[in-house]
Every structure is written in structure tokens, then in C-alpha cells.
Amino acid sequence: MNYCAYLYPKREKEGYIRFMIERDRAVDAREIEKQKEYMRKMRDQNDAHFAESGTRRRAFVLTLGCQQNEADSERLMGMAVEMGYEPTDTPEETSLIMVNTCAIREHAEKRALSLVGQYKHVKAKNPELIIVICGCMVVQEHRLRDIKMRYPYVDILFGPSLIYKLPEHLWNRRCGSRRVFDPDDCEYRVAEGLPVRRESSYRAWVSVMYGCNNFCSYCIVPYVRGRERSRRREEVVAEFRSLVEAGYKDITLLGQNVNSYGKDSGFDYDFADLLAELDQIEGDYQIHFMTSHPKDATRKLIDVMADSKHVARHFHLPLQSGSDAILRAMNRKYDFQKYIGTLDYIRERMPDVTLTSDIIVGFPGETEEDFECTLAALRRARFDMIFSFQYSAREGTPAAKMDCQVPKEVVAERFERLLALQNEISYESNKKLEGKTLRVLCDGPSKNNPDTFSGRTEGGKIVLFEGESEDVGKFVDILIERADTFALSGKIIRK
Ligand code: SAH
Ligand code: SF4
Ligand code: F3S
């Protein structure tokens, strides 16, 4: 398979060459200033509306997809608030709806399109409403065309690398410009200095890098998020420090492959160095990170984690498949032996670590033997938890063109077997925690049962217990009394 055409599609070439020559990935400060000027103009207009009508214009953001999108949505809402909108959690009676889409699987795209379909009625009731669709889905040419034609009431559309342009696009559309279609500039910049409105007052995201260069053959991310670019170390450290100072307890460093942090910057400073530097910041908090690609999860990184004070003993290391033939076809660049060597080293250095992984079932050409290798891998790796996915063909990726797609019924049947095995393993791993006292970050009343409180362990396991409102956002010690497959339960040990 010749990957070149996929790696550097024509429309990207010029921007990519410039990107390789320049080292500073930041969006020009004058550009950010310009956006701030648009924010001020929008704010004046929205304040005038408030003065006249007594009600604030409202903004709603709906987020699909991964944590990176959640972090982006917090910036979108940060800009909206700066522009004088009031955040709301329903799409009704709003002046601005933003749908932050995901393209990772067909299901995510269908969901986004069906939601956008429903907003037609909201817009019919309220013609001043502006509908924005952004995120990974809209970068794809076929989706862009589709939205242009089939959803004429969508006002503004932009890709994930251009979220900083929201104020300019909104202003122009408000002033009567035509619909805006700005999927991607292919320059892959990092926009600093945007306002952010965080959803939580104790859990926060900090992006350390954007994009992906790995081109796993099934995955759409490199096409929609562009090339890897790291944020400047000083920016990351400053944002992180301010979160610790503001009392945040759980901070997750984000990147499609955090191990690539710094590789594009030309400095001798990698992700493990960043983690070690952040760990020095004093405070009562824990650090998570996602995602780490097994091909370059180094011993140095594992050692930094094991020797750290604040890095949570949780490693998410996506395996994808236990078959070496499938891993090769996926372009993952490791085999199971290398993978398990890394996992064993993590356990050797941190025996109480929680290990989680991602598995794809039904990649093109996956035979029954390949699938059994995945089952055997699960038995050997004994993950605490996995996120499992049925393969979904993504237009434009090499795997989608492979002529050996696995029939849907076969995928569904394998998927069930995978879940059944993992449930047994998760149950056994949870059972070992009975009688132990674990530090849990309390999230408050559980969604399913408001009489019980819910929180998460360092490894991300859900724990149910009887709590009090002042426990929310704090670490509590819980004696685990009962373990189930998907959750633990116990009681608070008050000091
Ligand atoms: N950068 C991360 C993954 C982000 S996507 C990493 O490399 O680990 C999250 C997960 O979605 C992937 O790990 C993979 O298991 C799954 N995934 C990605 N593309 C998929 C596809 N086309 N079909 C099914 N699952 C997919
Ligand atoms: Fe997708 Fe692979 Fe990049 Fe993860 S590392 S985002 S799976 S291409
Ligand atoms: Fe989806 Fe884009 Fe994340 S495709 S998984 S929202 S990077």
C-alpha cells in the first residue's frame, strides 16, 4: 500500500511545507487580537440587546467525541461568554447553538447530523438563531458538501484548528454576510490566549499538543485534526499552575499521542520531561494524561510516573488488536510482544496501577484466529477496563478501501464475546479491591441514583457511597465493601 497520497493530500502540501520549516506553531498574536476585537463588538451588541429587552442572549454547545473536543467546547463557550452570551444547557430559546462534532465512527456522525436535523425546528421558531457546526466531522469534503446542500439553515461551519475564528465568523454573519464555510486552513497552528469556561471546578483538561502523524490505517483523526503540533512548554506550565492554584484536583493532559509532545519544537524536552516538571508544582491534586501510543511509551515516561508525587497510577495504553498481522495492517508499528513488555514494566514499577485499553473488533481481514489472539491478549494483559469498538469504515482511510471487510453479524458476535470475557476480568480485578481503602475524587449525586454519591478512583473506577454536599470536588477515603463489574461501593472513612 502506498500511503504517500494519504499522508500528504494535495490541498495540504503548501501549508505542510511551511509548517515543517517554521518552528513556532502559535497563531500570530495580531490574529488573536483581531478576534478579541470582534469579541468586544459582539459583546457591545449583546449588551445593548440585554439593556433593551431585559434578557440575555443565550448560547448552547453540544459536544460529541473525545476529551479533546470537550476541551475545545470549553473554549467555544469561553468565547461566547466573553461575547456577552449566557450559557444554557438546552437548545431551546437560544441565540447561538454550536455543535462540536466527531468523525471517529459512523455512529458519531449520524448522531451529529440527526441533532442538526432537529435544530431546523428551533430555527424556524427563532430566525435570529445562529447555528454553528464545527469539530472533526466538517473537515471532510463529503460532509461539508452534504451540510451545505441538505442543511441550508446552518450558518457557520469551521474545523477544529480554526475555533479561534468563532468571533469573526459570528460577527460577519450577524452583519448579514453569506453562510460561512471555513473547514481547515492546513497550517496547523496553536491558538493561545482564548478565554475558557470550564465545566467543572475541580476536573480540568489541558491540551499539550494537537493533531496526529501516526496514520493508523483505520483512523480519520490525522485527516481531520492535521499534523502534530505542541503547545509551548511555558504556556502549558502556566495554565497548569493556574489550575492548581485555583484548587483543581484532577488535571488531564491531552493529546492524540502525548508521547510526541515536543518532537516538532526542536528542543530537547519531551513529554516525560514535561510531566516531571509539572509534578514539581506543590498542591493536592493528581495528573492524568491521554493518550499514549504503545509504540513510543518509553521507560523514561514510566519511570517519571512511578517516581512522581502527583501522576495518577493509571495508564491507558490502546492495544487495538492482539494479532500481529492485524496490528501490521493497522499500521500500529508494534507487535504484541513489544506491547506486553511495556505493560509488564508498568506493572513492575507500579504494582497498584490501573490499566485500561482500546480494542477494535472486526478490522478488515480479521479472521477467527486473529480475533482469538485478541481474546488471548486480554487474558494475558488483564486490563482493569477496556473501551471496545466495532470497526467503522472511514472514507479516505486506507482500511476503508481494503476488500476484505468483515460482515456486520460476525463483528457483532465477536464483540459480544469480547465484552463477556472482559467483564469477567474487570470483575476479578475489582474484587481484589474489596476491603481496601481508596482515595476517591467525589463528583456528587450519581446520575442513575441521586440518593447515592459517585466518585472516581485514581484509576478512573466509579465508586458509589453515601456522601455529603461538602465532599463534592474533594478527595475522600472510601473503604471498598463491594465490587461489581462496572463499579465499586463502600463507605467514607472520615478522619
Ligand atoms: N489517539 C488515540 C485514539 C483516539 S480515537 C490513540 O491512538 O490511542 C479512540 C479510539 O477509537 C481508538 O483507540 C480506537 O480504538 C477507536 N477507533 C478509531 N478509529 C476507529 C474506527 N474507524 N472504527 C472503530 N474504532 C475506531
Ligand atoms: Fe488515530 Fe492512530 Fe492517531 Fe490515535 S494514533 S489518533 S488511533 S491515527
Ligand atoms: Fe472524534 Fe475528533 Fe476526537 S474525530 S474522537 S472528536 S479527535
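A residue counts as near a molecule if one of its heavy atoms lies within 4 Å of it. With that cut-off in hand, let me take the ligand sites of this predicted model.

Around ligand 3 we find Cys66, Asn69, Cys102, Ala103, Ile104, Cys136, Arg225 and Gln256. Sorted by class, that shell holds five nonpolar, two polar and one charged residues.

Next, ligand 2. Its shell consists of Cys212, Asn214, Phe215, Cys216, Tyr218, Cys219, Val221, Pro222, Gln256, His293 and Arg332. Seven of these are nonpolar, three polar and one charged.

Now the second largest pocket. Its volume is about 590 Å³. There are 21 lining residues, and those closest to the pocket centre are Asp352, Val353, Thr354, Asp384 and Leu433. Two elements, α16 (408-431) and β15 (437-445), each give two or more residues to the lining. In terms of domains, at least three lining residues come from domain 2 (203-431) and at least three from domain 3 (437-492). What is the class make-up of this lining? Charged residues number 11, with five nonpolar and five polar.

Last, helix α11, residues 299-307. Which of its residues are buried? They are Leu301, Ile302, Val304, Met305 and Ala306. On the spacing: an α-helix has 3.6 residues a turn, so residues three or four places apart point the same way.

How values were computed:
Residues numbered from 1 in each chain as written. Chains lettered and ligands numbered in written order. Predicted model: local features only at pLDDT ≥ 70, side-chain atom pairs only at ≥ 80, totals over all residues. Heavy atoms only, no water. 1 Å grid on protein atoms, 1.4 Å probe; cavity = no way out; pocket = protein on both sides within 12 Å on 5 of 7 lines; lining within 4 Å. Points joined across faces, edges and corners; volume = space filled by probe spheres on them. Helix = DSSP H or I, 4+ residues; strand = E, 2+ residues; numbered from the N terminus. Nonpolar A, V, L, I, M, F, W, Y, C, P; charged D, E, K, R; others polar. Domains from an automatic or database assignment. Buried < 20%, exposed > 50% of the residue type's maximum accessible area, 1.4 Å probe, protein only.
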